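Welcome, and please open the structure in your viewer.

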Amino acid sequence: EANQTLIVSLSNQFADNLTFGVSVKYFGHSRTSTMGSVNGLDSKNAFLFDIGALYSISLNPGHSKNGFDLSLGAAFQNFGTDYKEKDDYFDTDYKYVRLPRFLKFGFAFNAQIKNASGSNDIEAVFTGQYKWLTNPSKSERTNVDYWGGGAEFTIKDIFIARAGFFQTPEYWIIYN
């Protein structure tokens, strides 16, 4: 089996701190036999769009050599045409396959402590995101919120430590 995705993206800075972007995606799926021919799966490919904005703020106090930056972002993901596929082993008609569509918000805070020569002694990045499933199935109506966060610390470009988490709304038998 193979997924094919072709993406073309464009972005443009519209103001000093504001950037908008759009991606157009062409998505398809197929099943291929070992001989290289399509075997039993055909799809009506989907055209999908991602639209987003990024707002960046420099929080440098006065003329400090240290850097503090905050970036805020929002995006609509996977909006577009319906995706359909037909599995010749089980069906003769194309069936709608729901692709997840999301509304996403996020931030990144970057702090840089520089030495007298202007290179970084310490850098820290903190990130967070919220993702909302906008087209849940009936069984997912209460499971639409995704959360994530992370941090990265760098000392003199020698030591780097990263930590992060991502919380899905689904509950598993093994963990909550």
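The tour below starts with the whole chain and then visits single residues.

This is a predicted model, in which local features need pLDDT of at least 70 and side-chain atom pairs count only at pLDDT 80 or more, while totals for chains, interfaces and linings use all residues. Residues are numbered from 1 along each chain as its sequence is written, and side-chain values use heavy atoms, with hydrogens and water left out.

**The whole chain**

Show the protein chain as a cartoon: it has zero helices and eleven strands. Here helices (H or I, at least four residues) and strands (E, at least two) are DSSP runs, numbered from the N terminus. Now colour by accessibility: of the 176 residues, 26% are buried. Buried means under 20% relative accessible area, exposed over 50%, and partly exposed in between, with a 1.4 Å probe and protein chains only.

**The nonpolar core**

Which residues make up the largest nonpolar core? Select Phe27, Ala46, Leu48, Tyr83 and Leu99, five residues in all. Such a core is a set of buried Ala, Val, Leu, Ile, Met, Phe, Trp, Tyr and Cys residues joined through side-chain atoms within 4.5 Å. In soluble globular proteins, nonpolar side chains tend to be buried together.

Stay on Leu48 and leave aside its neighbours within four places in sequence: its contacts (heavy atoms within 4.5 Å) include Val24, Phe27, Asn78, Phe79 and Leu99.

Asn78 deserves a click of its own. This residue lies in strand β5 (residues 67–80) and is buried, at 12% relative accessible area. Asn78 also has a positive phi of about 70°, although it is not a glycine.

**Aromatic rings**

Next, show the aromatic side chains; the structure holds seven aromatic pairs. Rings of Phe, Tyr and Trp (its six-membered ring) pair if their centres lie within 6.5 Å; planes under 30 degrees apart count as stacked, over 60 as edge-to-face and the rest as tilted.

Select Tyr26 and Phe47: their ring centres are 5.0 Å apart and their planes stand at 50°, so this pair is tilted. Because Tyr26 is in strand β2 (residues 18–30) and Phe47 in strand β4 (residues 46–58), the pair ties together parts that are 21 residues apart in sequence. Tyr26 is partly exposed at 34% relative accessible area, and Phe47 is partly exposed at 41%.

Move on to Phe76 and Phe79, an edge-to-face pair with 5.8 Å from centre to centre and 85° between the planes. Phe76 is partly exposed at 44% relative accessibility, and Phe79 is partly exposed at 29%.

Then pick Phe102, Tyr146 and Phe166, a cluster linked by ring pairs.

Where is Lys156 found? Look in the loop between β10 (145–155) and β11 (159–167). Lys156 has a positive phi of about 50° although it is not a glycine, and at 47% relative accessibility this residue is partly exposed.
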